[in-house]
Amino acid sequence: MAKSKSFWLMKSEPSVFSIDDLKSSKNRTTYWEGVRNYQARNFLRDHLKVGDGVLFYHSNEDPVGIAGEAVVVKEGYPDLTAFDPKSTYFDPKSDPRKPTWFRVDVKFVRKCGEVITLKRLREIPALKKMMVVQKGSRLSIQPVTSPEWHAIMKLF
DNA sequence: GCCAACGTTGGC
DNA sequence: GCCAACGTTGGC
């Protein structure tokens, strides 16, 4: 039996890669690469499945918050930037025969009318326990519960 | 630009 | 295996 759909929040600094960059990408799809954190890596490698919903989150920008929706279109496979000495994401310790880092492919679904700010998320009782609203929440790939996802879908 | 919170590294 | 020092993230 097929596993039911899961939901995720993925952070990106829009100065590096924004929701508009995703929309204007070829096939509206990008490699979600450069993740160099083990917990986030585990999600990419083991848990993100084709069809899973993604909240595209803009960090380190004014305003910070959810900028759009995307969908996982390819499951975890080795992040090739780790093996490229010219890449900013190069990791000399990563062995191509036993890759450390993984990426997925993510496709644009829609952009929010306006960014759903972190401040606004914090004002919604149903999202009180959501990971991204917690203080010091640095994980760049976070699981989102089904109720959280559906509450946020109403805000687009 | 500041700095709190967090993750990683490395000496012991 | 502990933990201090260091580097990074990310909200403000």
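Predicted model: local features only at pLDDT ≥ 70, side-chain atom pairs only at ≥ 80, totals over all residues.
Local features need pLDDT of at least 70 and side-chain atom pairs pLDDT 80 or more, whereas totals for chains, interfaces and linings use all residues. Residues are numbered from 1 along each chain as its sequence is written, chains are lettered from A and ligands numbered from 1 in the order in which they are written, and side-chain values use heavy atoms, without hydrogens and water.

User: Which residue has a polar side-chain atom 2.9 Å from a phosphate oxygen of DNA strand C?

Analyst: The residues surrounding DNA strand C, with a heavy atom within 4 Å of the strand, include Asn60, Arg122 and Arg138. A polar backbone atom of Asn60 is 3.1 Å from a phosphate oxygen, and a backbone N or O atom of Arg138 lies 2.6 Å from one. The side-chain atom at 2.9 Å belongs to Arg122.

User: How many residues apart in sequence are the parts that Asp79 and Arg36 tie together?

Analyst: Asp79 and Arg36 form a salt bridge (a side-chain nitrogen of Lys or Arg within 4 Å of a carboxyl oxygen of Asp or Glu), with the closest N and O atoms 3.0 Å apart. Asp79 lies in the loop between S4 and S5 and Arg36 in the loop between S2 and H2, so the pair ties together parts separated in sequence by 43 residues.

User: Is Asp79 buried or exposed?

Analyst: Buried means under 20% relative accessible area, exposed over 50%, and partly exposed in between (1.4 Å probe, protein chains only). Arg36, at 28%, is partly exposed. Asp79 has 0% relative accessibility and therefore counts as buried.

Definitions and conventions
Polar contact = N/O pair within 3.5 Å; in protein donor to acceptor, adjacent residues only side chain to side chain. Helix = DSSP H or I, 4+ residues; strand = E, 2+ residues; numbered from the N terminus.
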